[in-house]
Amino acid sequence: AAYQTFSEVAPALDYLDQQGAPIVIKADGLAAGKGVVVAMTHAEAAAAIRDMLEDNAFGDAGARVVIEEFLDGEEASFIVMVDGEHVWPMATSQDHKRAYDGDAGPNTGGMGAYSPAPVCSAEIEQQIVDRIITPTVEGMAAEGKPFHGVLFAGLMIEESGPRLIEFNVRFGDPECQVLMMRLGAQALDLMQAAAEGRLAEAQVNWANDHAITVVMAANGYPGSYEKGTEIKGLENLPEDSSNMVFHAGTKAAQGQTLAVGGRVLNVTARGSSLQEARDRAYEMLDQIEWPEGFFRRDIGWRALG
């Protein structure tokens, strides 16, 4: 996407005047997945610029902002392992960034995900590898900085094909949870092969099924929220290769499970279809007693309609 970076308000607002809205304002630093404002109006974009550069909304992470072209399409996540030379694509997945049902509300670090993502057809996957991933890996090696590890491409799938939004050098969250459910302990084999330069010979079998994860977050997230509230009912939930609750923001205290973060639990399930996986996940969610938490009821809606 076309972009410019700014550390002062006046030139950033001038650039906004030239580009107009919709447009994307990003804190150019780590902001726990919350430093992005997709501004649909000029006023919203100007307010985001001032929040980051004048009001220090994200601290040092917002000391510089990126003003970026608005891409219109469907988001997808594409995660690969890299051993410095070879690329091993993992299964496709799709995150849900907005806080509330119907993709409403502020951006978050992710309120749920599913895998595979139908928007990434075999043809689109090949385009992603050929046009985005491989040139990046080859370019880093050519600069004498070969990359080993996890490369996570955040993408927008437009009618013209895939466009790159960002790279991260880590697993995505909550995409990681659905990938791990489908990959299992083979993840360790892939990581070791990447570290040792053996990805070309890696043999991994993906489960031919679907996985979905739904995030339970504290009321108020991604803004301020209460900590220390008790979560009940977890002990009655299944925990096996098809059903898992990943803890992200909890602690154990005096026999209780307490919420101490914004995104607190990832309730995750597998099934032979996405609908089956979704039904299992929400069945578990409905057994969890946590009045101070919330979750989206429509994770997977793009694939299920």
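Begin by selecting Ala259 together with its contacts, where contact means heavy atoms within 4.5 Å. Leaving aside neighbours within four places in sequence, Ala259 is in contact with Lys227, Gly228, Thr229, Ile231, Gly249, Val264 and Trp290. Ala259 belongs to strand β17; helices (H or I, at least four residues) and strands (E, at least two) are DSSP runs, numbered from the N terminus. Ala259 has a relative accessible area of 1% and is therefore buried. Here buried means under 20% relative accessible area, exposed over 50%, and partly exposed in between, with a 1.4 Å probe and protein chains only.

The model is predicted: local features need pLDDT of at least 70, side-chain atom pairs count only at pLDDT 80 or more, and totals for chains, interfaces and linings use all residues. Residues are numbered from 1 along each chain as its sequence is written, and side-chain values use heavy atoms, with hydrogens and water left out.

**The whole chain**

Next, select the entire protein chain. It has 7 helices and 19 strands. Along the principal axes, the C-alpha atoms fill a box of roughly 55 × 50 × 40 Å. For 305 residues, a compact globule would have a radius of gyration near 19 Å, and the 20 Å of the protein chain agrees with this. That radius is taken over C-alpha atoms, and the globule rule is 2.2 Å times the number of residues to the power 0.38.

Of the 305 residues, 48% count as buried. Among contacts between residues at least 6 apart in sequence, 68% join residues at least 24 apart. The chain exposes about 14,300 Å², of which carbon and sulfur atoms supply 47%; accessible areas come from the Shrake-Rupley method with a 1.4 Å probe, and for residues only the protein chains shown count as cover.

Colouring by charge shows 22 positive and 45 negative side chains, with the centres of the two sets 3 Å apart. Lys and Arg count as positive and Asp and Glu as negative, while His and the chain ends are not counted. The place of a charge is taken as NZ of Lys, CZ of Arg, CG of Asp or CD of Glu.

**Helix α4 and the cysteines**

Select residues 175-183, which form helix α4. Why is α4 largely enclosed by the rest of the structure? The reason is that 9 of its 9 residues are buried. Among them are Glu175, Gln177 and Arg182. Just after α4, Gly184 takes a positive phi of about 65 degrees.

Cys176 is one of the buried residues of α4, with a relative accessibility of 18%. Show Cys120 as well, which is buried at a relative accessible area of 6%. How many disulfides does a search of the whole structure find? The search finds 0, a disulfide being a pair of cysteine sulfur atoms within 2.5 Å. Cys120 is in none, as the nearest cysteine sulfur, that of Cys176, is 17 Å away. This distance is too far for a bond.

**Helix α3**

Move to helix α3 (residues 122-142) and select Asp130. Asp130 is partly exposed, at 46% relative accessibility. The C-alpha atom of Asp130 is separated by 33 Å from that of Ser241, 111 residues apart along the chain.

Met140 also lies in α3 and is partly exposed, with a relative accessible area of 27%. Not counting residues up to four places away in sequence, Met140 touches Lys145, Pro146 and Phe147.

**Loops with particular backbone angles**

Most residues other than glycine have a negative phi, and most peptide bonds are trans. The peptide bond from Ala21 to Pro22 is cis, with omega near 5 degrees; Pro22 lies in the loop between α1 (9-19) and β2 (23-27). The bond from Tyr221 to Pro222 is cis too, with omega near 10 degrees, and Pro222 is placed in the loop between β13 (210-218) and β14 (229-231).

Asn56, in the loop between α2 (42-53) and β4 (65-69), has a positive phi near 60 degrees. Finish at Gln254, in the loop between β16 (250-253) and β17 (256-259). Its phi is positive, near 55 degrees, and Gln254 is exposed at 83% relative accessibility.
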